[in-house]
Amino acid sequence: MTSEKLQKGHLLIAEPSIIADLSFNRSVILLAEHSNEGSVGFIINKPLKYTISDLVPEIEANFKIYNGGPVEQDNLYFIHNVPELITNSVEISNGIYWGGDFELTKSLINDGSIKKDNIRFFLGYTGWEASQLESEMQLNSWIITENLYKNKILGKATADFWKEKILELGGEYIIWSNAPENPLLN
């Protein structure tokens, strides 16, 4: 399960040893794109204190905004599981789609056609240059797993998701599930 080849749609779980990096400490990333030219992903378990209506006042919904990663944090991105409603989106895998017609998306949220379990908004994304992610994998920075939740992950991935995934790994990882986020504060 943890030795799979990198491909879009997989989850990257931050190794417990990543404690000095605020962006990636206890992160779970959905890999949205992976090719010879580089990789893109979204941190799916780090909610911010904003809702979509805080950032886009014409949207009348309290859907949480998530920290997608350290790149372009002044831009809003979204993934969803309703391609039949949101046109011009690109499939990541397993029924999860990236982007699409934003004006249409705003209308669909406002009329109640899109619920919070259908869509997730991010400020920023996570990006790697060609071969950078593979290098980080060789340094054991990430654990790769298949996304067994498929397109239901949008409703599943909460702030405790990293801990859940670490517990699933078992073995030597179990001790980390209850460790403080910053062991120096213990």
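These legends describe close-up views of a predicted model. In this predicted model, local features need pLDDT of at least 70 and side-chain atom pairs count only at pLDDT 80 or more, while totals for chains, interfaces and linings use all residues. Residues are numbered from 1 along each chain as its sequence is written, and side-chain values use heavy atoms, with hydrogens and water left out.

View 1. Helices (H or I, at least four residues) and strands (E, at least two) are DSSP runs, numbered from the N terminus. Ile29 counts as buried because its relative accessibility is 0%; buried means under 20% relative accessible area, exposed over 50%, and partly exposed in between (1.4 Å probe, protein chains only). Beyond its neighbours within four places in sequence, Ile29 is in contact with residues including His10, Phe24, Thr126 and Trp142, where contact means heavy atoms within 4.5 Å.

**View 2. Ser23 in the loop between strand 1 (11-14) and strand 2.** With a relative accessibility of 19%, Ser23 counts as buried. Leaving aside neighbours within four places in sequence, Ser23 is in contact with Ile43, Lys46 and Pro70.

**View 3. The largest nonpolar core, with 36 residues.** A nonpolar core is a set of buried Ala, Val, Leu, Ile, Met, Phe, Trp, Tyr and Cys residues joined through side-chain atoms within 4.5 Å. Those with the most contacts inside this core are Leu12, Ile44, Ile79, Trp142, Ile153 and Phe161. Strand 2 gives the largest share of this core, five residues. Apart from it lies another core, of 15 residues, among them Phe63, Ile86, Ile119 and Phe121. Not counting residues up to four places away in sequence, Ile79 touches residues that include Leu30, Phe42, Trp98, Phe122 and Leu154.

**View 4. The buried face of helix 5 (residues 161-169).** Phe161, Trp162, Lys165 and Ile166 are buried in helix 5. Seen down the helix axis, the buried residues fall within an arc of 135 degrees, so they line one face of helix 5; the arc is that of the directions from the helix axis to the C-beta atoms. Among the elements that cover these buried residues are strand 1, strand 2, strand 10 (142-145), helix 4 and helix 6 (174-177). Gly170, which follows helix 5, has a positive phi, near 65 degrees.
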